[in-house]
Structures are given as structure tokens and as C-alpha cells.
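Please have a look at the structure shown here. The paragraphs after it walk through its parts one at a time.

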Amino acid sequence: MDDKLLDVEKRVKRYWYSDGIVELSLGGMFFLLGVYFGLQGYLGENSQASVIMQIGLFVIVFAGIVGVGWLVNTLKARITYPRTGYVEYRKDGQDIKKLKHIIMGVALAVAASSIVLFDFFRNLDSMTLATGVMVGAVFIALRGNSTGTTRFYVVGIFSILLGVVLSLDKLPQEYNLALFYGLLGVVIMVSGGIVLLGYLRENPMLAEDDNE
Amino acid sequence: MSDDLRRVTELDRLIHEPARLLIVTILSTVESADFLFLQRESGLTKGNLSAHLSKLEDAGYVKIQKTFKGKLPLTVCKLTAAGTEAVAQYRQQMQSFMNLTTK
């Protein structure tokens, strides 16, 4: 019986991702990050614009996180809540704690393996590799595991493979990061778009008094 | 009858009812959820869900609030502290009973 209750809990957690809106917004942010790194690579390290952009990275990421949150809430209020209902999730910091553990664990693993396999890592773009592994681990361990959503495992594995492949090429780091975030962003947006289309097909808008 | 078995008779019958158990399990996973979400997740009819929610509200396990999200009217349900404690206790009792029967 407890297994059935656990299934219910997972299904409720999965609901947040059932419309693909989070992925569309997150994918958009990743894509913009890709554009950012691409521009940085194009402008070159010593140009004035590139220096200003480097300073602005924190602002861009912070604004991106706030922007994604706002976009997700706005779209859900218009698309999801009238169709399949409103849910407010608990902000108990459990996910953030888990996220910290995952990032710390992966960072330690990457650092440890880079010491042990120094010769191997010397020929790699370790920043792109570490980014790919970390983003992938977050998708697999945090979202996939807690919600049982298969597509997050796929995105996670894609992220790790992309990080590994891009770390082996001879492009400058900025272009590798641009390709990584750009391609991952597109994949996440496509995944979100397909899920959203399916969701809209399965859940037509209800009459107003259906939520009384 | 052993003490462990006797505890089964002390189960909270209000929560033990399958439909209400489903409702409180859903609510224990989130901060709050609206009527529409509960209806879809539980598969209950409007009337049935209303009746079960009223019983849970009367017991002080669930708080029901009529509100708005933007222009959308919502009937938001939330597990109270007493409800959260009752669910936790119920699950603990059931778990120990299950452990006993699978020994």
C-alpha cells in the first residue's frame, strides 16, 4: 500500500513538469547563455565589450533565474491552472539541499579524477566537461529521480555526452560553452514543446464553473 | 491479541477511508492544491470530493479557502498541522503493521 502512496506522491511532484513549461523556459535561458558565450568568444578576450560582458554574467544569470520563475508562473496561470488545477509546492529547501550535495559530489569527483588522470585531462576542455557532467547529474539525480520522469534522464545523459564530446574538440572554451548551452537549450526546449503540445491536446480548456 | 495487532484497531478511520487517504496523501506532498487538481488526481466526482473534504475540514485536518489566482477563482485546500501529524501517525502505524505481517 505504501508503494501506491509513494506513486501518488511522485505523480503529484511530476505534475509541475507535466505541461513542459518549465523546460521551455529553462531551455530558453540555456540558449541565451549559449548566445552569451558565443558573443564572448566572437568579441575576443581583450575587447572592451567582452570585459563588460564578463562583469555582467552574474547579472545575466540572476536576471535569467528571476525571469524564468516569472515566465513559468505567468504561463502556468494562463495555461495549466485553468485546465488541470493549481498546486503550490512546499519551499522546504529539501531540493536545494539535494542540489548542493549533487554539485559538491560531482565537483569533487571531477576534481579527483582530474588529479588521478592528469595527462588525460590536460588535453581536454575541463570547464565544458565539468559543466556537462554537473548539469547532467542535476537532471538525472534531482529531477529524474524525485519525479520518475524519463525525459529528464535522457536530457541528463545528453548533457553529459555533449560535455564529453565538446571537451575533446580543439575549439576555444567560449565556443565550446556556447555550443554546449545552445544545443542543450534547444534540446530542452524541443522536449518541453512536445510535452506542451501533448498536454494541450489532452487537456482542453474547461468551462469557468468547473473549478468550483 | 498482541499489542502490535491491537494498534491496527487504533488507526484513524477518518484517514483510513481510501478516498480520503488519497486526498490527504496528495495534500501532504504539496503546500496547497485546488479543488480541480484534487478532483483530477483522485478521480472522484465533484460531489464525492466535496463530501470527503467537508469531513476532513470538520475534523480540523484540512483548511479550505476560496481565493483567486489572477482572475481565476480557486478553492484551495491545505493540510493543517493536525492533519499533517495525523497522516504521519497513520503511515507510521500502517508501516509497523505491514512489518509485522511480513515477518
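Starting at the N terminus, the elements of chain B follow the order α-α-α-β-α-α-β-β-α. That gives chain B 6 helices and 3 strands. Chain B has an average pLDDT of 88, with 91% of the residues scoring at least 70. The confidence in chain B is lowest in helix α1 (residues 3-9), where the mean is 68, and highest in helix α5 (residues 46-58), where the mean is 95. Where pLDDT is low, the predicted coordinates should not be read in detail. For the complex, the predictor reports an ipTM of 0.82 and a pTM of 0.78.

Now picture the outline of chain B. Its C-alpha atoms fill a box of roughly 55 × 25 × 20 Å along the principal axes. Of its 103 residues, 29% count as buried. Among the contacts in chain B with a separation of 6 or more, 55% are between residues 24 or more positions apart.

One residue shows what such a contact looks like. D12(B) sits in the loop between α1 and α2 (13-16) of chain B. Leaving out residues up to four places away in sequence, D12(B) touches A86(B) and Y90(B). A86(B) is 74 residues from D12(B) along the chain, yet the C-alpha atoms of the two are separated by 7.7 Å.

Next, follow the strands. Strand β2 (residues 62-69) and strand β3 (residues 72-79) of chain B pair in the antiparallel sense over 8 bridges. The two form a hairpin with 2 residues between them. In the turn, G70(B) has a positive phi of about 65 degrees.

Put together, 4 strands form an open sheet in the order β1(A)-β1(B)-β3(B)-β2(B), with antiparallel pairing. Its edge strands are β1 of chain A and β2 of chain B, each of which pairs on one side only. As a general point, strands of a sheet pair through backbone hydrogen bonds, either parallel or antiparallel.

What else takes part where the two chains meet? In total, 20 residues of chain A are in contact with 23 residues of chain B. On the chain A side, the elements that give two or more residues are α1 (2-14), α3 (48-84) and β1 (87-88). The largest share, 6 residues, comes from α1(A). By type, the residues on this side of chain A divide into 10 nonpolar, 3 polar and 7 charged.

That brings us to chain A as a whole. Its secondary structure comes to 8 helices and 1 strand, and from the N terminus the elements run α-α-α-β-α-α-α-α-α. Buried residues make up 29% of the 212 residues in chain A. Of the chain A contacts between residues at least 6 apart in sequence, 80% join residues at least 24 apart.

To finish, take a closer look at one helix of chain A. Helix α7 (residues 150-168) has 19 residues and reaches 28 Å from its first C-alpha to its last, close to the 27 Å expected at 1.5 Å a residue. Which residues of α7(A) are buried? They are F152(A), V155(A), G156(A), S159(A), L162(A), G163(A), L166(A) and S167(A). These residues lie on the same side of α7(A), because they cover an arc of only 130 degrees around the axis. On the face turned away from that buried side, α7(A) carries the exposed residues T150(A) and L161(A).

Conventions: Residues are numbered from 1 along each chain as its sequence is written. Chains are lettered from A and ligands numbered from 1 in the order in which they are written. This is a predicted model: local features need pLDDT of at least 70, side-chain atom pairs count only at pLDDT 80 or more; totals for chains, interfaces and linings use all residues. Two residues are in contact if their C-beta atoms, placed from the backbone, lie within 7 Å. Ala, Val, Leu, Ile, Met, Phe, Trp, Tyr, Cys and Pro count as nonpolar, Asp, Glu, Lys and Arg as charged, and the others, Gly among them, as polar. A residue is buried if 20 or more other C-beta atoms lie within 10 Å of its own, exposed if 12 or fewer, and partly exposed in between; C-beta atoms are placed from the backbone. The expected span of a helix is 1.5 Å times one less than its number of residues. The arc is that of the directions from the helix axis to the C-beta atoms. Two strands pair if DSSP finds at least two bridges between them. pLDDT is the predictor's confidence in each residue, from 0 to 100.
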